[in-house]
Amino acid sequence: GPRRRTIVAPVVWSQLSSFAKGQPLLPSLRFAAFTIGSDIFNKIARIIPSCVQDIEVDFPDETLKGFKNEHLATMLDMVRHAPDLRCFRVIEAETREERILSILFSAFSGLSNLRYFDLDGLVATMDELRILAACTTLEHLSTGICAKPPAVTFTGFVNLTSLSLVEANCFENLNPATAIKYVFATLARPSRLRSLTLWSPQERIWSSQEWDDIFQEIATRFPSLCSLKWETLADYFEDGEVESPDLLLDATWPLLSLLSLTDIYLDFDNVVVLRCTDAFFATLAAAWPNLTKLSLIVRLPDMPSFVAGVTLNTLVSFATRCTRLEHLHLPYMSICSGPPTDLPSMEQFPVLSHGLRFLKVGCVPDLDDMEGAYCALVLDRMFSDVHVSSCVSGWPWRRDEEKLEKVFWRDVERMLVLFRAGRQNRPALQ
């Protein structure tokens, strides 16, 4: 059954600690999780065994005033008691109290085995990051950024392979693209970076030039990048700027030079309508033959002609050029550009044993039972083990359409299951 959560009073921990008589209380402990605000938190550091390698500190909702000096003192005790610490995570924390992060970073930068440092909710200035940059063993860093220009230019993070940045609401007059580039410039060995995650929760306006600049910066600085994930609420629009059919391809064009990309997640659902076409996805498939995951989320258009630009031919491009692809998320796809009687010949779709496992599609216009059966047959020809589903955009105006799409893909999935069952049972029937 499910594990029960047992709460041990601080006095019990203190008593147990005295029984240990100077020896580690939990000599096999490797992972420890604590909750800020509990009585035990400020007393637990004294019994942390030196063998702990992974610490997680959770700030619950009731911790309204965030990270305080007494919490800092306890964390510093933890660091002193756990010299072999490799992983440290903070969950749902907030602080802008002066010098707290500087002191905390100074303590962690001296650890000789620290690999993973996740500051969920904590916002670091460039000068605070400069302290942590001296940690030569750090491989993963996740932090919020308040990237005003640093007082002193610096580089560090010599072994960083994974970077996750959250844009904070404190950029003042500094545009977010420039702020992110400040952080990029601190990496002494940018060619080592393999994974980059950007989260822009602020509803601010980015110009097309700023989008171009940040994509160009990523492509230039991180030639060995394997995973890129970017989710944004920013608007991609300026006064007087006109939506271009090639806006998405123009913006992402620099990324096509990153031949090592295998995992891509781009969520531009809040951006002005961006047009996708079969030609666009064919370009991506040709540029990234080693893809294993691709998710592209854009705002769905009102114009059927936009949706009609992506057809089943896009699946052919990925099936024939990206042989390792396992997950594919398309914003929309048209099964047939005309009436169901005009469905293309089945022979134009190759018979393959591609390993695609999951296909998710946002919008499918003009749903028809005949198109569902046809789609299932096409998918089964190319992807014998694929599972399909619709996705929920969250836009109120699409609620009714999404209900129909959910039923459509449920029926397609049922047909695919029947096709697989038929193949498996065929030898038994012969």
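How are α11 and α12 oriented to each other, roughly parallel or roughly antiparallel? The structure is a predicted model, in which local features need pLDDT of at least 70, side-chain atom pairs count only at pLDDT 80 or more, and totals for chains, interfaces and linings use all residues. Residues are numbered from 1 along each chain as its sequence is written, and side-chain values use heavy atoms, with hydrogens and water left out.

The axes of α11 and helix α12 (residues 369-382) come within 11 Å and cross at roughly 10°. The two helices, α11 and α12, are therefore roughly parallel to each other (angles under 35 degrees count as roughly parallel, over 145 as roughly antiparallel, 65 to 115 as roughly perpendicular and the rest as oblique). Axes are lines fitted to C-alpha atoms, for helices over the stretch in contact, with angles from 0 to 180 degrees between N-to-C directions. Helices (H or I, at least four residues) and strands (E, at least two) are DSSP runs, numbered from the N terminus. On α11, L312, L315, V316 and A319 make the contact, with Y374, C375, V378, L379 and M382 on α12 (contact means heavy atoms within 4.5 Å). These residues comprise nine nonpolar, no polar and no charged. Ala, Val, Leu, Ile, Met, Phe, Trp, Tyr, Cys and Pro count as nonpolar, Asp, Glu, Lys and Arg as charged, and the others, Gly among them, as polar.

Helix α9 (residues 278-287) also packs with α11: their axes come within 9 Å and cross at roughly 10°. Helices α9 and α11 are therefore roughly parallel to each other. In this contact, D278, F281, A282, A285 and A286 of α9 meet N313, T314, S317, F318 and R321 of α11. The residues divide into five nonpolar, three polar and two charged.

Helix α9 also contributes at least two residues to the lining of the largest cavity, as do α8 (247-252), β11 (263-268) and β12 (293-298). Strand β12 gives the largest share, three residues. Among the lining residues are L248, I264, F280, W288 and L294. By class, the lining has eight nonpolar, two polar and no charged residues.

The mean pLDDT (the predictor's confidence in each residue, from 0 to 100) is 79, and 72% of residues reach 70 or more. Confidence is highest in helix α11 (residues 312-321), at 92, and lowest in strand β10 (residues 235-236), at a mean of 55. Over residues 238-242, pLDDT stays under 50, and the model has three contacts beyond four places in sequence for them. Where pLDDT is low, the predicted coordinates should not be read in detail.

Key
1 Å grid on protein atoms, 1.4 Å probe; cavity = no way out; pocket = protein on both sides within 12 Å on 5 of 7 lines; lining within 4 Å.
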